[in-house]
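Work through the exercises below with the sequence and the model at hand. Each task is followed by a solution in steps.

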Amino acid sequence: KKRKDFWSWQLLAELFPDDEEKQMACLLMAYYTTRNQAFLGKVTEQLTGKLVFREKYGEARFLIEKYLEEKSKKQQRASAQMLDWSRSDWFLKSIPCPPSRVMDYKPIAMSILHSDLPKHILVITHINVAKNMVSFVYGFRKKSFARWEHIDTLRPGMVMQAQWKEPEKDGAPHRLLALEQCAESGDTDFCRHFKGRLQVNAVRKCAFLKTPSADVFVPYGLLPPEGTGGGHEVTALLDFNPKKNEWSWRALTFI
């Protein structure tokens, strides 16, 4: 309820004294939740200190200039630390730039904000960069899609850990709240390892991994350069094939 109040993020930053990334994410959220610089003196100084430590001098100068401008406007005394930084060599040599892209802070901040929600494993199947939409499989014969603003960091086949709000209607998109990459989840009912012999149809440009339990479709561009001889092992996803209107196993990577 207080996610739009800068002070709530400032307090959250104090909960992670040993985690620089989470501290940075919380302070950046605190800074960008309000445009009123008059409230941000302490936050700005804390954030500037972390930027200076990381040698992000352009971003630090941007904050210092905004801070000093506000203090001058209000005829208030600036802190000794901010004044010292404004006289340093790096300040004079750097070009100011907004700190919002210093790190991919929002996913980290959202994972903190929604830490009470259950986490789900999903595998990305398709990405629409133009619409910021991602499609994914998240269970046995369960497929959905959602909007995600950091779409440029994703690619098909990635195994992700997500927190979301369920759609209110069938066929509606999920509302993704947090999304981060994780290690492969091992064998599940929708993502498994298969061992078998590879059969390639060069004419149709398709291939299948023949196994005792299933025939796994292998995209032609995924085929290993060493050829089809011997046994192979793949990680495969149970995905929906709209052309055949059925669920089938499709290889994601060779192991």
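**Exercise 1. Cysteines**

Decide whether Cys 26 is buried or exposed, and find how many disulfides the structure holds.

Solution. The model is a predicted one. Step one: the relative accessible area of Cys 26 is 0%. Buried means under 20%, so Cys 26 is buried. Step two: turn to Cys 182, whose closest cysteine sulfur belongs to Cys 191, at 10.0 Å. A disulfide needs two cysteine sulfur atoms within 2.5 Å, so this distance is too far for a bond. Step three: for the structure, the disulfide count is zero. Step four: Cys 182 has a relative accessible area of 24% and is therefore partly exposed.

**Exercise 2. A glutamate in a helix**

Locate Glu 70, classify its accessibility and list what it touches.

Solution. Step one: Glu 70 lies in helix 4, which covers residues 57-74. Step two: its relative accessibility is 11%. The cut-off for buried is under 20%, so Glu 70 counts as buried. Step three: set aside residues up to four places away in sequence; Glu 70 then touches Gln 37 and Ala 38.

**Exercise 3. A proline in a loop**

Which residues are in contact with Pro 156, leaving aside its neighbours within four places in sequence?

Solution. Pro 156 sits in the loop that runs between strand 3 (142-147) and strand 4 (159-165). Step two: take a C-alpha distance. Pro 156 and Val 123 are 33 residues apart along the chain, and their C-alpha atoms are separated by 7.7 Å. Step three: list the contacts, with those neighbours left out. They are Ile 124, Thr 125 and Ile 127.

**Exercise 4. The whole chain**

Solution. Step one: count the elements. There are seven helices and 10 strands in the chain. Step three: the C-alpha trace spans about 75 × 45 × 35 Å along its principal axes. Step four: of the 255 residues, 41% are buried.

Technical notes:
Residues are numbered from 1 along each chain as its sequence is written. This is a predicted model: local features need pLDDT of at least 70, side-chain atom pairs count only at pLDDT 80 or more; totals for chains, interfaces and linings use all residues. Side-chain values use heavy atoms; hydrogens and water are left out. Helices (H or I, at least four residues) and strands (E, at least two) are DSSP runs, numbered from the N terminus. Buried means under 20% relative accessible area, exposed over 50%, partly exposed in between (1.4 Å probe, protein chains only). Contact means heavy atoms within 4.5 Å.
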